[in-house]
Amino acid sequence: MFRGGGGRGGGGAGGRSEGQAGHMEDGTQHLGHCMVDMKELSANPEGLSAAGVILTPKLPQVEFSLACNDLVASGRDRKPNALVQVAVIDPYKQHLVSQACTEIVEANKDPLFLTGVAFPSEYPASPETLVKLTVYDAKDKNQESSSFLGSATFSVGDLLRAKDEQLTLSLRSSDGVCAAGTVVVSRLKMGEMEEVDVDHITTDIPSQKCPLVCESAHHSCVDRESNPLTGPVFRNPVCKVYRFQTVDSKWMFVREQMEECTLSFSIPKQLLSLYIQEDMSRVQDLRELGDLSPHWDNLRKEVMTRYGGIISSYQETLAELDKITGHSFKPSCCKAQKSLEFIPINLHTQRMRVTCPKKTDAFYDIVTVGAPAAHFQGFKCGGLQRLLSRYEAEKKSFSTAYQCIYYSPEHTAKAQEVLSTMSLLQPLITSLADQLLQAAHEHSSPGLRDALKNLSDKTEQFVHTLKDELVKSALLALHAAQPGFVSKNQKQTPVPGKHQGQGGDQNQSPVQGLPGHSPAASVTESTVVCNNVEGSQTMTGGEGGLLQPKHQDSIPHHKEYDEEEWDRVWANVAKCLNCVIAMVDKLQEEDSSKQESVPEQQLADVITSHNPGDWREQLCPLVTRLKECVMEVAEKAKRAMTFVLLQEAACSIPQGFLLQQRRDVVFSQALAALACGFVMRLYAGMQDKGFLRQLHLVGLVAQFESLLSTYSEEIGMLEDMEVGISDLQRVAFKITEAKTDELGDLQPLVCGRRDHFTVEVPLPQLVFQTLPEEIKEGKPLRVFPVLFNVGINEQQTIAERFGDISLQERINQKNFETLEAYYKSLSEKVPLECLPCFQTQTDIKELLETLGQNVVTKKRKNVEILWIAGTICRRLNGIRFTSCKSAKDRTSMSVTLEQCALLRDEHQLSKDFFVRALDCMRSRLTQGDIGQWEDPEAGTVTENKPASRHFYPIALLLVSSHLLVVWLILSLVFLLAKYQ
């Protein structure tokens, strides 16, 4: 969905006003730039040219600045507070559409406007397109009305053909007689500068000269506007341009470009499909457990019913999302809508491009998004962090009530890991076994060696995964849950050096007392000797085999169940593998001896007459037996781990399922934002070899800056966000080669299960070939998410005075340790020369020390934490995110302040222009947010007029908490007096 006003007030970060592209009654949409038939655009979203908009001819990007001269105010005793509204008259549609508006320059008859006008590259402009400039006198900055001073009209062709691409136009007053002054239009072109002394353009700063356009020495990065990679993911760009003065009285050119991201919807839709697929698979696994006793069968039915409810709910949500077309983001007004609960709020990307004289262009990217949280479910009982802690504490009592076995979160995670690993390794082993037979059929010794090595590695990994006491104990528990089981305590012979497990009731966990996840410390590995595979020989500790694992009397034993059967089953896999290895060695030795004994001249005849089926015939029975053993082990282990998850699910009814749904919702929003930021950073660093090296050797840090307060419902949002960001550690990225260069084939894809997801980012073939070999081979690329939160609003003032901010302190301390560990790993593997250079030369280690000190310092609204963390993130080539409740007010304040600070610190922005630059970026005087002002010439044709409204930081109450207390007391007194 194209938006004329953009999510932050027309392309800038200031004033994130959403949904400003209103729908007309005839089905078209007011874009701020043009009128486009949304039905045609949805049918063919590749460009505006296919949506009925005429592009004749295709023009370069048009950007221009404005200045006025000799303005005459309505009151002769004062200077005007001037601003210029820019509107476009479409020659084919005959619509007058608001395009942009400058900031207000107070008390100046010769104003120089810092805010320019940007026509995006896809804007359907032609040389005949007319632009109308209307100048107003705002009188008072806070008034909603103003007086008309004059207007002028020019065509785009006039500007392009003019000398130096500059026009000086006379303003027509309302009566058409009085001279209202002049307006100067100067085209801005990125990459060029012409130092021209424009004497007639003056400002409130003495001896100021204004260049016509700006320049840069060269471009080090690919601009988003000309980069074909951005098409599949980023769309609907909204631009704002500015010119600011530097400390040496020169001018810099700044362009803000905000875009929507298609991943706002595509990632959650893919996740929903994966959730549905995983839960349906879980239901099928539960059915395949076989016959269970009535108690366990009833629990299974109840769990399957719960899974069915989740599947049905997710299918309905996915169906609703599939109906939505044309949209690329979710506005905050829909944050509590159930059908959109998986979609992130207000997800946008913003790039600030800075061009300074004789310097390389600089790019600063940031992703803004509403805090990932389950707004539809609410925060009455808190967020995920609190709910999960309470749930784990209560789960033991649930297990007693449901007469099931309690498993810790670590054992549950281990069971999911075993299931995931087996689902990957079993088909892979089967495929590698077939490759081995194919190499034997072709009588290829090198192919045979390579296939055998791969098969051996994966089979050993498979066996190692199953050498866990959890699997064995789960098999025993599953056997005890079958019909006809009679509990019978069997006396166990203690293993030397081991302690006998103590007795307990049936509800005691079979994994209680185990030394961690795996009993590898108490199990001795050995090389299994190839013997009769069909036999059931058991290795003894003296022979280097497996020692008899310890048993617990708490585990019920069936009198007919052979407790050593599992050891024999998975040990047979290793025996079969050893037999295959021995046979391959034997075949190669025989082949080598034959070749050595045959004279050289007869070697070709021997090879030709050799029967290629001999090797395959000898290997086939052994390989077939290996695949059968692997399948048997996988089936048993799958049933055992499914039974573990059944008990975990049974203990958690119904709270556990509700928490899982909430966690799915929050993770979906967080992953969509992370994928957007990763793709944005990847596109920007495609030509940076140091960045690509860092990417595959260490990974990237993703720094989430949160401005949520620790008061009221925002505590629940922060608790949700903490868990959602932490869950992103389970995500890896992979760069793939796209099948074609079509937009559909360049969309990122998600695969995996809840315990681990992989996001595949396809790139065009020519781009993919330029990547390092490690990335092209599909190496998983890691991302290290960190979250820092500092509340800044009036609710945080109340929380710091009367509430509790321990949650914020714990989050900041924990994530500081993660960031510190990432830097340590980075400094060990990647030269610091690979990191970007900045004007401020503060060492990263020194910044980390300062951040650590601020994290532990007790200071109210310590925004230094956010400043330093953001600086470190940029120094480390990281991905920057900024969030608040809806990614509007507080987010825009943070982003605009950060941008102006970057201009000051990195590009020598004049201190006299800092506040003006901040006001320009925060101004809501932009297209799409225009009030009704009087224009005597336009009459009813003009649809949008400028409103004299700027967005400033939260009121002065934030300056001092004492003022807030006074305000609260006075408000209370006023209310009591009013209603008495």
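## Basis

This is a predicted model, in which local features need pLDDT of at least 70, side-chain atom pairs count only at pLDDT 80 or more, and totals for chains, interfaces and linings use all residues. Residues are numbered from 1 along each chain as its sequence is written, and side-chain values use heavy atoms, without hydrogens and water.

## The sheet

An open sheet of 10 strands runs in the order S11-S12-S13-S14-S20-S15-S19-S16-S18-S17, with mixed pairing. Strands S11 (234–245) and S17 (749–753) each have a single partner strand, so one side of each lacks a neighbour in the sheet. On average, neighbouring strands are turned by 25 degrees against each other, direction ignored.

Strands are DSSP runs (E, at least two residues), as are helices (H or I, at least four), numbered from the N terminus. Two strands pair if DSSP finds at least two bridges between them. S12 (residues 251–261) and S13 (residues 348–355) pair in the antiparallel sense over 8 bridges. Glu256 stands opposite Met352 in S13.

## Helices across the sheet

Helix H20 (residues 864–875) lies across S14, S15, S19 and S20, at about 160 degrees to S15. Helix H21 (residues 889–907) lies across S11, S12, S13, S14, S15 and S20, at about 165 degrees to S14. Contact means heavy atoms within 4.5 Å. Axes are lines fitted to C-alpha atoms, for helices over the stretch in contact, and angles run from 0 to 180 degrees between N-to-C directions.

## Aromatic pairs

The count comes to 14 aromatic pairs. Rings of Phe, Tyr and Trp (its six-membered ring) pair if their centres lie within 6.5 Å; planes under 30 degrees apart are stacked, over 60 edge-to-face, the rest tilted. Phe234 and Tyr683 have ring centres 6.3 Å apart and planes at 85 degrees, so the pair is edge-to-face. Phe234 in strand S11 and Tyr683 in helix H12 (residues 655–684) are 449 residues apart.
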